[in-house]
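Subject: Structure for you to look at

Hello,

Here is the structure I said I would pass on. Please open it first, then read the notes below it.

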Amino acid sequence: MTRGKFITLEGLDGAGKSTHLVWLVETLRARGKSVIQTREPGGTPLGEKLRALLLADPMHLETEALLMFAARREHLAQVIEPALARGDWVVCDRFTDASFAYQGGGRGLPAAKLEILESWVQGSLQPDMTLMFDVPVETAYGRVTGMGRELDRFEQEKADFFQRVRQAYLSRAAASGGRMRIIDASRPIDQIKKTLEEIIATI
Ligand code: TMP
């Protein structure tokens with residue numbers, strides 16, 4: 001049995017990630033792949049409970065990081081690892097790069113602490129490919145605040161928080177050895193899809 005591929009999507013809130021995720025999953029399925037679509041924090045009944053806490057309840061920044069990785073441990077054990085082992089592809093809306101970007105860059109938690117959690121929770125497992133949807137902070141911020149719904153605890157952060165998140169994503173991408181692909185998501189949607197098609201043809 002060939003192991004499935006693990007693809008993650010990243011980007012600022014408001015980068016358009018969710019739209020592209022739907023298209024990506026449909027495209028892979030149309031190509032005959034068996035695809036599990038999931039998300040973090042969340043993806044399991046326990047993980048979704050932790051997600052509700054993480055998005056709403058004020059907490060210490062280390063508690064936040066630990067809960068993100070606790071949800072991730074459960075997600076890997078219950079969903080991601082079994083799916084990859086049986087040959088399914090897993091498309092996950094956010095994964096560990098988000099912890100380095102938000103808890104590391106945004107909140108200022110030292111990367112060394114996150115690296116300990118990363119290696120504890122996932123060992124050597126890394127996504128086969130990570131698509132990072134990059135837009136200027138002003139674009140993402142404008143979309144989120146213009147949505148007309150109540151904002152969660154992360155979305156309520158100020159523009160300078162998101163500048164740090166974006167910079168952390170870009171530095172991690174530069175150090176990822178090609179795993180993370182930066183997609184300019186400020187372009188028209190058909191151009192983004194063309195780029196995505198070219199990228200997924202390589203996996
Ligand atoms: P979502 O809105 O893309 O579903 O993500 C929920 C929020 O959780 C988003 O603002 C980013 C944040 N997040 C972290 O801060 N650290 C993490 O490790 C993950 C997976 C998400």
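Does Tyr 102 count as buried or exposed? Tyr 102 counts as buried, because its relative accessibility is 5%, and the cut-off for buried is under 20%. Please keep in mind that this is a predicted model.

Aromatic rings

There are six aromatic pairs in the structure.

Another pair, Tyr 141 with Phe 162, is tilted: the centres are 6.0 Å apart and the planes make 55°. Here helix α6 supplies Tyr 141 and helix α7 supplies Phe 162, so the parts tied together are 21 residues apart in sequence. Phe 162 is buried at 4%, whereas Tyr 141 is partly exposed at 27%.

Arginine over rings

The charged end of Arg 72 sits over the ring of Phe 69, 4.6 Å from its centre. Arg 72 also lies over the face of Phe 95, 5.2 Å from the ring centre.

Helix α1

Helix α1 runs over residues 17-30 and spans 20 Å, close to the expected 20 Å. Its buried residues, including Trp 23 and Leu 24, pack against β1, β2, β3, β4 and α8. Just after α1, Gly 32 has a positive phi of about 90°.

Regards

Methods. Residues numbered from 1 in each chain as written. Predicted model: local features only at pLDDT ≥ 70, side-chain atom pairs only at ≥ 80, totals over all residues. Heavy atoms only, no water. Helix = DSSP H or I, 4+ residues; strand = E, 2+ residues; numbered from the N terminus. Expected span 1.5 Å × (residues − 1). Buried < 20%, exposed > 50% of the residue type's maximum accessible area, 1.4 Å probe, protein only. Contact = heavy atoms within 4.5 Å. Phe/Tyr/Trp six-rings, centres within 6.5 Å; stacked < 30°, edge-to-face > 60°. Lys NZ or Arg CZ within 6 Å of the ring centre and 35° of its normal.
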